[in-house]
Amino acid sequence: MFDIGWSELLLIGIVALIAIGPKELPGALRTLGQWMAKVRRMASEFQNQFHEAMREAELADLKKEVDEMATKAQSYAHFDPIEDVRRDLEKAAGPPPDLDTLTDTAASPPPSAPTPPAAPPPASPPAAAETPPAPPAAAPAEPAAPQSTAPVNTPDAGRAA
């Protein structure tokens with residue numbers, strides 16, 4: 001604490017013995033000891049209060065961190081990716097329209113939008129070539145012979161006509 005060596009302490013003791021006297025020296029040392037005890041007690045109380053304030057500050061920081069973690073954990077417990085996407089879309093495009101408005105606009109085009117021109121119909125061959133003539137309904141036809149899908153081997157099959 002104080003940088004006092006044994007030789008300096010002995011010198012202080014001799015001066016105190018001469019100045020105070022041998023009769024009152026024990027009472028003076030007792031009073032000095034009581035003052036030192038009071039100073040130590042006050043220093044200890046100050047140090048304890050300082051440490052307690054530090055602990056309270058640390059506890060406040062820890063409580064804040066725990067509250068933040070609890071809030072994050074609660075947000076993860078109610079995780080809804082669809083709601084997150086919907087919220088992002090609302091931020092980008094504004095609030096969604098009402099369903100009644102959607103059904104009305106789907107039935108009729110908006111008045112400010114121009115109507116696209118109608119595309120011309122595709123070209124078609126003459127009507128007579130499209131529809132084959134109806135067979136006569138006179139006599140019942142004989143059942144047709146089943147046709148085979150197997151290739152026919154004839155001697156002329158390989159020649160061109």
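**Salt bridges, one by one**

Author: Of the 161 residues of the chain, 1% count as buried (under 20% relative accessible area; exposed is over 50%, partly exposed in between, with a 1.4 Å probe and protein chains only). The model is predicted: local features need pLDDT of at least 70, side-chain atom pairs need 80 or more, and totals for chains, interfaces and linings use all residues. Residues are numbered from 1 along each chain as its sequence is written, and side-chain values use heavy atoms, without hydrogens or water.

Read from the N terminus, the elements run α-α-α-α-α.

Now the salt bridges. How many does the structure hold? There are three (each a side-chain nitrogen of Lys or Arg within 4 Å of a carboxyl oxygen of Asp or Glu).

Take helix α2 to begin with. This helix covers residues 25-77. Find D67 and K63 there. Their side chains meet in a salt bridge, at 3.4 Å from N to O. Why can these two pair up along the helix? D67 and K63 sit four residues apart in α2, so about one helical turn separates them. Here is the general rule. An α-helix has 3.6 residues a turn, so residues three or four places apart point the same way. K63 has 53% relative accessibility and counts as exposed. D67 has 40% and is partly exposed.

Stay on α2 for one more residue. E65 belongs to this helix too. Its relative accessible area is 41%, so E65 is partly exposed.

Move on to helix α3. This helix covers residues 81-93. Look at E83 and R86 first. They form a salt bridge, and their closest N and O atoms are 3.2 Å apart. The spacing along the helix is three residues, so R86 and E83 are about one helical turn apart. E83 comes out at 30%.

D84 forms a salt bridge with R87, and 3.4 Å separates the closest N and O atoms. D84 is partly exposed, at 28% relative accessibility. R87 is partly exposed too, with a relative accessible area of 40%.

- D67 with K63: 3.4 Å, N to O; four residues apart in α2.
- R86 with E83: 3.2 Å between the closest N and O atoms; three residues apart in α3.

To find them yourself, go to α2 for D67 and K63.
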